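Here is a friendly walk through one structure, written for someone who likes to know the cut-offs behind the words. Please have a look at it first.

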Amino acid sequence: MRQDVEAIAVIYRNLGAPVAEQMVTRALGQLALTMAGIAEQVRSQELRDLARQLARFGRLAADLGLLSLAAVASDAGACLEKADSTAFAAVWARLLRVAERSLAAETGLADQSV
């Protein structure tokens, strides 16, 4: 799992610990909600807007320093754009694993004061 802890450190330095903690917690919650929405779209096979949602998800993950998560989201979007359903299925499975690990590992991230 690639992670850029400096992204969170910059948020804490710029905003101060109390505000940064709230912002990071809110962003992690938004990330989890976005992932849940994307998962629902995939389950219901509503792929029409999915590439855009994955791009948004990837940007949010990158803003929080979750580089592996951002990269896999980008890969999933690329598979959709190429209409490669086999590759998308494989990358989607990876995205689910990476998202689970990333979000579980980051639950304590907002509590860290840098």
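## Ground rules

This is a predicted model, so local features need pLDDT of at least 70 and side-chain atom pairs count only at pLDDT 80 or more, while totals for chains, interfaces and linings use all residues. Residues are numbered from 1 along each chain as its sequence is written, and side-chain values use heavy atoms, with hydrogens and water left out.

Helices here are DSSP runs of H or I with at least four residues, numbered from the N terminus. Their axes are lines fitted to C-alpha atoms over the stretch in contact, and angles run from 0 to 180 degrees between N-to-C directions.

## Helix 1 against helix 2

For reference, angles under 35 degrees count as roughly parallel, over 145 as roughly antiparallel, 65 to 115 as roughly perpendicular and the rest as oblique. The crossing of these two helices is right-handed; that term applies if the near helix is turned clockwise from the far one by less than a right angle, and left-handed applies if it is turned anticlockwise.

On the helix 1 side, the contact uses I8, I11, Y12 and L15, which meet A17, V19, A20, E21, M23 and V24 of helix 2. Contact means heavy atoms within 4.5 Å. Sorted by class, these residues are nine nonpolar, no polar and one charged. In this scheme Ala, Val, Leu, Ile, Met, Phe, Trp, Tyr, Cys and Pro are nonpolar, Asp, Glu, Lys and Arg are charged, and the others, Gly among them, are polar.

## Helix 2 against helix 3

Helix 2 also packs with helix 3, at an angle of about 160° and with the axes 10 Å apart. That angle makes helix 2 roughly antiparallel to helix 3, and the crossing is left-handed. From helix 2 come A27, Q30, L31, T34, M35, I38, Q41 and V42, and from helix 3 come L50, Q53, L54, R56, F57, L60 and A61. The class count for this contact is ten nonpolar, four polar and one charged.

What does Q53 touch, leaving aside its neighbours within four places in sequence? Q53 is in contact with T34, I38 and Q41. Q53 is found in helix 3 and is buried, at a relative accessible area of 16%. Buried means under 20% relative accessible area, exposed over 50%, and partly exposed in between (1.4 Å probe, protein chains only).

## Helix 3 against helix 4

Helix 3 (residues 50–63) and helix 4 (residues 67–81) have axes 8 Å apart and pack at about 165°. Helix 3 is therefore roughly antiparallel to helix 4. Here, too, there is a left-handed crossing. L50, A51, L54, F57, G58, A61 and A62 of helix 3 make the contact with L69, A70, A73, A76, G77, L80 and E81 of helix 4. Eleven nonpolar, two polar and one charged residues take part.

## Two more residues to look at

S68 is found in helix 4. Is S68 buried or exposed? S68 is buried, with a relative accessible area of 9%. Beyond its neighbours within four places in sequence, S68 is in contact with M1, R2 and V98.

A93 sits in helix 5 (residues 85–105) and is partly exposed at 31% relative accessible area. A93 and A76 are 17 residues apart in sequence, and their C-alpha atoms are 9.7 Å apart in space.

## Salt bridges

How many salt bridges does a search of the whole structure find? The search finds three, a salt bridge being a side-chain nitrogen of Lys or Arg within 4 Å of a carboxyl oxygen of Asp or Glu. R13 pairs with E6 at 2.3 Å, N to O, and E6 is partly exposed with a relative accessible area of 37%. D49 pairs with R52 at 2.8 Å, N to O, and D49 is partly exposed at 24%.

E40 and R43 form another salt bridge, with their closest N and O atoms 3.2 Å apart. Both lie in helix 2 (residues 17–43), three residues apart, about one turn of the helix. E40 is partly exposed at 42% relative accessibility, whereas R43 is exposed at 60%.
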